[in-house]
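Reader: I would like a close look at a single part of this protein, taken slowly and with the terms spelled out as they come up.

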Amino acid sequence: MLLHSNVINRRLPTPALAFFALMLAIESAWAIRCVAMPDEMMHGTAVSVYNAAEFQHHRPIYRDWRERPHVPAIYGIFSYVVPGLIGRAVDADLLDLYVIGRLLSLIATAGIGVAIYRLARRTASGDSDGTSPMFAAAAALATLSFPIFWPVCGEFRGDAPAILCSLAALAVYRSNEQSPRRWMSPPLIVLAFLFKPSCVLAGLTIPAYLMIRRRPVEAISFFVAWAAPIAILIVLLQRATDGLYLLNAVDAFRGNRDVGNMIIWPVGVLPKAVALYAFAAAWLYAHRTGRRMDLLSVHFWMTLVVPFVLTYRDGADDYYFCEHIAAACILMAAQWETWLRGFSSPDERLVRVLICLAPALPVSAMAWSHTPPVSRMLHGVLDAREWVHGERALFRDMAKALDSLPQPVLCDADGLTLLSRSPPVLMDTWGLSGLRDQGVFDDSAIVADLAARRFGAVILRQPADVIMRYQTTVHVPSAWRQAILREYRPAGKIGDRYYLYLPQEEKEPD
């Protein structure tokens, strides 16, 4: 009977596993198809490419962004240094450097799957000390197919490498808790910081876990083992950049805040993860006290509470909870296997079927709505080379059109600013707009230049009389738009995408 039960247990999860695998295949195929597409550079990615290119060409990453060019560097230094070093080695141009950054994120995402598998294998399932390989693989598939992981894990940014380092630190500690090799974990947390400073949650989870286990000396020692090197690095970076590191890494985040942003988790994450949470809650309840308290249960709460608080800041989004969903999926898989072992008699077949389908069914409809249709994905993959060639040619033509205009040009389309041969005035207009609202960024010189028509042209993603807003921050400050409407005239479009404004013609005196 036990052998028969085990065979059934292997077969029953197949539909849910197939669903997760299909979702991941579509998501990753679409991400790979988009790797060389330059259209994403219209957003914050262009700033990352710009800063990586600065390092590639032996120029400083950290500058005083309060002066022109107004281009902050908000990610960890390795987010720019690693692709910059590769770009330097292969003599990459800007678009190639962009592809390098995206490929690094995709490789890191694959590594995240491996780290989740390793953590799941060490997470108790029923009376066993670890989850079986099939359900550990289910944890990795469920995590990476979850909608909030895409497109952030395919973009040129520091999130995916930082999440990988954080989960790897947790996996190393979990596998070597009674061994001196557990001290290999703090360097991985430091590495996560170097990609994205906020991704040090594993460094908070492990000391909290040790305090719960009444091991305060070890908890303090572990915290110091990663926090002290980071403090030293910050001091060294401050000295090496003449005090400009913290201006970029801290002051550039002092934009708008709004309590309304904190609906991101209950509205953007919870409905998609309700089944995962149901399974994880059952596991957490069974391991809530004493020696049954597990490292992953602490990480589950740490990666929920801290990102939830951080969503108070404008610019936050559902990807803040990627590491939390990873923890939830690991616990889900462990409880999934536990319940299937518990319901083994033929009379309980219906219960087992429901248990096997439950992790996938509630998320399927919402996840599918966030996923490119199969037909679109296949079409994009089959003609990717032609499509990429056409898009790159279009962006280069638009950049040439920008360069042909009287300089300087105020442009809020970051991709054009990046590809232009002219020195940039600014990048990340939205971020600077929030800093302006908080008095961190003084834009009086830009407003004065607009009023005096000292910009040879202005290029906007939306007409100047349209207010484009993300959360509580407008993309283009109202003072800029009003000056543009007064002193500049519409002059068509750049590449049929972006709105061009030229200075008003001087009126002849009466």
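What covers the buried residues of helix 3?

Author: A word on the model comes before the answer. This is a predicted model, in which local features need pLDDT of at least 70 and side-chain atom pairs count only at pLDDT 80 or more, while totals for chains, interfaces and linings use all residues. Residues are numbered from 1 along each chain as its sequence is written, and side-chain values use heavy atoms, with hydrogens and water left out.

The cover of the buried residues of helix 3 includes helix 4 (78-90), helix 5 and helix 19 (414-419); helices here are DSSP runs of H or I with at least four residues, numbered from the N terminus. Buried means under 20% relative accessible area, exposed over 50% and partly exposed in between, with a 1.4 Å probe and protein chains only. The buried residues are T45, A46, V47, S48, V49, Y50, N51, A52, A53, E54 and Q56.

As for its geometry, helix 3 has 12 residues and reaches 16 Å from its first C-alpha to its last, close to the 16 Å expected at 1.5 Å a residue, where the expected span is 1.5 Å times one less than the number of residues. Just after helix 3, H58 takes a positive phi of about 65 degrees.

The packing against helix 5 can be described in detail. The axes of helix 3 (residues 45-56) and helix 5 (residues 94-121) come within 10 Å and cross at roughly 110 degrees; axes are lines fitted to C-alpha atoms, for helices over the stretch in contact, and angles run from 0 to 180 degrees between N-to-C directions. Helix 3 and helix 5 are therefore roughly perpendicular to each other, a label that covers angles of 65 to 115 degrees, with under 35 counting as roughly parallel, over 145 as roughly antiparallel and the rest as oblique. On the side of helix 3 the contact (heavy atoms within 4.5 Å) is made by T45, V49, A52, A53 and Q56, and on the side of helix 5 by L94, L97 and Y98. These residues divide into six nonpolar, two polar and no charged, where Ala, Val, Leu, Ile, Met, Phe, Trp, Tyr, Cys and Pro count as nonpolar, Asp, Glu, Lys and Arg as charged, and the others, Gly among them, as polar.

How values were computed: Helices (H or I, at least four residues) and strands (E, at least two) are DSSP runs, numbered from the N terminus.
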